[in-house]
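Okay, thanks for coming, everyone.

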Amino acid sequence: MNNVFRTDCGMYRDHNEDTGGTLTNPQQTLAVVADGMGGHKAGDVASDMAMAFIREQWEQLDAPLEVSRAMQWMEETIKAANRHLYDYAKTNSEYEGMGTTLVAALCSHDFVAVANVGDSRCYLFDTHQGIQQQTEDHSLVNELVKAGQLTKEAAEYHPRKHVLTRALGTDDDIDVDTFTFKWQDGGLVLLCSDGLSNKLTDHQLAQVLQTEGTLEERADRLVEEANQAGGEDNITLAIVEHPKGDAE
C-alpha cells in the first residue's frame, strides 16, 4: 500500500508538538497522527510517547488483523497508551497535564479500521464520492453543534474551537471511538492534525488529493497550502492509498 507521512512546524511555532507515522507489514498499513498539548514541551513528550507505545505494540503482532480483531486491538492499544501517558505524568511533575490527540487508521485491502481521541481527523477520498470526514471531533464546539447551539459554519471560526473534550493522557481512563468502513481501488485515507483541517476546507483538501502526481507531491502541497493560509499551528498528515487492481 502506498503511503506517505509529513509533519511541519508551521510558520510561527518554534517547535513541533505533532508526531505520527506509517507502520507496515506485507498486508496492512497502520497510519497514526498525534497532536500534543501541554506546557514546556510536554506536548512533544505526550505525542512521542503515544506513537512509540503504538509502534512497540504493532511490532509484536505476528499476523495481519481481521476486521473485528483490528478494532479490538486498536481500542486496547490506545487505552493502554493513555494509561502509560497518565502514569508518566503523575510521576514526573514537569509533565503534569500533558496530553495528545490521536487518530489511527489500520488499512487492509478490504477494510479500514479507525480509532480516534480528540480533534485530529480521518477523511476518505475517492473520485466518485469526493471527500468525506469519517471521525467526529471531541471538542467543545462540536458538542455545541450537536446540541443545536452552533452551526457548523460558525464552529469553524469559534474562538474556543481548540478546546477538547477528550484527549489521551489527561485521565486514567478514556473513551476511544472505533469504527470501520470499506474503501475502493484507488481510494485515499487522509489523517491530519487540526493544523491542516483548520486551514483548508474539505473542498480544498479534495482539490489537492485529486491532482496528478505522487502521494509525496500531494502531501507536500497540502503542507504548503496550509502554511500559505497562515500556518499558525504545526501541520501533520498521513495518506494511505488503496492499491489499484486489488480486490475488495
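So, look at the backbone oxygen of Asp-137: a polar atom of the Asn-142 side chain lies 2.9 Å from that oxygen. For a polar contact we want a pair of N or O atoms within 3.5 Å; within protein, one has to be able to donate a hydrogen and the other to accept it, and residues adjacent in sequence count only if both atoms are side-chain atoms. Before I go on, one caution: this is a predicted model, where local features need pLDDT of at least 70 and side-chain atom pairs count only at pLDDT 80 or more, while totals for chains, interfaces and linings use all residues. Also, residues are numbered from 1 along each chain as its sequence is written, and side-chain values use heavy atoms, with hydrogens and water left out.

Back to Asn-142. You'll find Asn-142 in helix α3; helices here are DSSP runs of H or I with at least four residues, strands are E runs of at least two, and both are numbered from the N terminus. Is Asn-142 buried or exposed? It counts as buried, at 17% relative accessibility. The scale, with a 1.4 Å probe and protein chains only, is buried under 20% relative accessible area, exposed over 50%, and partly exposed in between. Leaving out residues up to four places away in sequence, Asn-142 touches Glu-136 and Asp-137, where contact means heavy atoms within 4.5 Å.

Staying in helix α3, which covers residues 140–146, we have Lys-146 and Glu-143, three residues apart, or about one helical turn. These two form a salt bridge, with the closest N and O atoms 3.3 Å apart. By salt bridge I mean a side-chain nitrogen of Lys or Arg within 4 Å of a carboxyl oxygen of Asp or Glu. Lys-146 is partly exposed at 47%, and Glu-143 is partly exposed at 36%.

How many salt bridges does the structure hold? The count is 12. Another one joins Arg-83 to Asp-87, with closest N and O atoms 3.0 Å apart. Both sit in helix α2, residues 67–91, four residues apart, so about one turn of the helix. Arg-83 is partly exposed at 38%, as is Asp-87 at 33%.

Last one: Glu-76 pairs with Arg-69 in a salt bridge, closest N and O atoms 3.7 Å apart. Glu-76 is partly exposed at 43%, and Arg-69 is partly exposed at 31%.
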